[in-house]
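Me: I would like to learn how to read strand pairing and a ligand shell from coordinates. Could you take me through it step by step?

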Amino acid sequence: MKEGGNSRFIFLGRSHCAALTVFPALGLRKDDLCNRGRRRFRWSCPIRKFMTRERVFSGIQPSGGVTLGNYLGAIRNWERLQHQNYDCIYCMVDLHAITVWQDPKLLADQTRQVTAALLASGIDPNISIVFHQSAVPEHAQLAWILNCVARLGWLNRMTQFKEKAGKDREKVSLGLYAYPALQAADVLIYHAHQVPVGEDQKQHVELMRDIGQKFNHDFGVDFFPLPNAMIFGGSTRVMSLRDGRKKMSKSDPSEMSRINMTDDADAIAQKIRKAKTDAATLPGPEVVGDDGKISTEIEEARPEAFNLLRIYSTLSDRSMASILAEFEGKGFGDFKPALADLAIEKLGGISAEMRRLESDPAEIDRVLAEGAIKARRITAPILEEIYRIVGFLKA
Ligand code: AQP
């Protein structure tokens, strides 16, 4: 049996026990193991050697209703990835949500609602692992270790912290500052390779790589694979309907700034009708370059207009050039009703399914509990290995 390539056969050293624990979770048999003996042992990642498919991890905060930004920038892509050659793990990151105040009376329902949004969007818990973060303690356990690996200087550069903390930096929680180290733990505890996110999370994924690399270097191991940000689809950054320079966000105080996945047809139509635009007519397809992109200069001159056009293009799965060819020379009086009809058509089914799922909270809880069991089959042996690398005594 040979190591490497696409072989399913794995050679193990001291990691044998952890490997045996994780084997059933990966659908492999004990016979697939071949222990080469201690002489050839290197500190390396046993789990990684098992993997025949890349692992995808991503999360979403149950910090409010799910927005069109979350859907187009993340959830829709997650649904598509589970039908490609990946093992997908999707998490309601409630530990992240409490980095800003969450009403305890609402948090559980918000977690169920976000789960309902994933399921209603086609994420299948029989294909992907779907769970909530606080049910898998290894995330927080690894986060503490990574807090001791990450450097203050790195966290000081995080733009999301600067934006969320604003001028009142002294008063925000320590958790909000340490958020990216927990996010690194979320991904590294699965040895995940790919992290599908919206554009706003790119810097955090880069930080995960730095943290993983420093851990590997400090402990002299080749343990954590370094994850990649997967940023794809036509709407990697959906902007506020009130301000085309600001990201559409769950926590924006203005309800009119976002479309929620639970909005009914009237609310969607009203929000699009009132969305900020400009007085000019829409340009033709000549503004789209050969690479399918529009220059930053052109977009920045009309951020609200291009935000709505991009939403239309992504929702309809059509190119920007074909949308512009259709609406060239028309004003927003023509374009907005067409966008509203499209959004209602595409989102209506999802919000109806969300309502149906939310009417049975026990079933959502069952899905999450089952997902947590599957997740822990992966995280527990990896954490055990990490504890050994760090030098913690076995309990
Ligand atoms: N406007 C957006 N456009 C594209 N992608 C977006 N995402 C969020 N907003 C947009 C992507 O959705 C995933 C889940 O995000 P999150 O809930 O974990 O945190 P967030 O990025 O901070 O989202 P919000 O809506 O802005 O939440 P609050 O207001 O609570 O901070 C991520 O992949 C994110 O990129």
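This is a predicted model: local features need pLDDT of at least 70, side-chain atom pairs count only at pLDDT 80 or more; totals for chains, interfaces and linings use all residues.

Reply: Residues are numbered from 1 along each chain as its sequence is written.

Me: Why is strand S4 largely enclosed by the rest of the structure?

Reply: A residue is buried if 20 or more other C-beta atoms, placed from the backbone, lie within 10 Å of its own, exposed if 12 or fewer, and partly exposed in between. Strands are DSSP runs of E with at least two residues, and helices are runs of H or I with at least four, numbered from the N terminus. Strand S4 (residues 86-92) is largely enclosed because 6 of its 7 residues are buried.

Me: Which strand do 7 bridges join to S4?

Reply: Two strands pair if DSSP finds at least two bridges between them. Here strand S3 (residues 54-60) runs parallel to S4, joined by 7 bridges, and valine 56 stands opposite cysteine 88 in S4. S4 is also joined by 4 bridges to strand S5 (residues 129-132), again parallel, with isoleucine 89 opposite isoleucine 129 in S5.

Me: How do the residues of the shell around the ligand divide?

Reply: Ala, Val, Leu, Ile, Met, Phe, Trp, Tyr, Cys and Pro count as nonpolar, Asp, Glu, Lys and Arg as charged, and the others, Gly among them, as polar. By that division the shell holds 5 nonpolar, 13 polar and 4 charged residues, and its largest share, 4 residues, comes from H3.
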